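Dear colleague,

I am passing on the structure we spoke about, and below it you will find my notes on what turned up. Please keep it open while you read, so that you can follow each point by eye.

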Amino acid sequence: MNSKSKLWDIFSEVNDYCKNIALSLKGNYQLFPIDIRGIDFLGYRFFHDFTLLRKSIVFKFKRKIKLIKN
């Protein structure tokens with residue numbers, strides 16, 4: 001699904017469905033290129049082929065280990 005127009009069609013359908021069940025979608029959304037950025041969720045960044053731990057989690061972990069060692 002590499003077509004932006006297809007994504008807009010799907011967005012429109014989801015938006016219409018949400019209106020039918022008295023829900024609304026966030027108005028200030030952005031579509032991000034997930035191939036480059038990945039999806040950030042629960043401390044991880046998920047890509048198509050691999051998963052990375054978020055950098056801030058790694059830094060906090062290293063800091064806590066350093067405190068424990070000293």
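In which helix does I34 lie? Before the answer, please bear in mind that this is a predicted model. I34 belongs to helix α2, which covers residues 34–37. With a relative accessible area of 37%, I34 counts as partly exposed, because that label covers values between 20% and 50%.

I34 is also one of the residues of a nonpolar patch on the surface, together with I39, F41, L42, Y44, F46, L53 and I57, and the accessible area of the patch comes to about 740 Å². At least two residues of this patch are supplied by β1 (39–41), and at least two by β2 (44–46).

These strands lead on to the sheet, which is open and has three strands in the order β1-β2-β3, with antiparallel pairing. β1 and β3 (51–53) stand at the edges with a single partner strand each, so one side of each has no neighbour in the sheet. On average, and with direction ignored, neighbouring strands of this sheet are turned by 25 degrees against each other. Between β1 and β2 the antiparallel pairing runs over three bridges, and D40 has R45 in β2 as its bridge partner.

Lastly, K60 is found in helix α3, which spans residues 55–69, and K60 is partly exposed, its relative accessible area being 48%. From C-alpha to C-alpha, K60 and S3 are 39 Å apart in space, while in sequence they are separated by 57 residues.

Note on methods. Residues are numbered from 1 along each chain as its sequence is written. This is a predicted model: local features need pLDDT of at least 70, side-chain atom pairs count only at pLDDT 80 or more; totals for chains, interfaces and linings use all residues. Side-chain values use heavy atoms; hydrogens and water are left out. Patches are made of residues with over 30% relative accessible area and no salt bridge: like charges are joined within 9 Å, nonpolar side chains (Val, Leu, Ile, Met, Phe, Trp, Tyr) within 5 Å. Accessible areas come from the Shrake-Rupley method with a 1.4 Å probe; for residues, only the protein chains shown count as cover. A salt bridge is a side-chain nitrogen of Lys or Arg within 4 Å of a carboxyl oxygen of Asp or Glu. Helices (H or I, at least four residues) and strands (E, at least two) are DSSP runs, numbered from the N terminus. Buried means under 20% relative accessible area, exposed over 50%, partly exposed in between (1.4 Å probe, protein chains only). Two strands pair if DSSP finds at least two bridges between them. Axes are lines fitted to C-alpha atoms, for helices over the stretch in contact, and angles run from 0 to 180 degrees between N-to-C directions.
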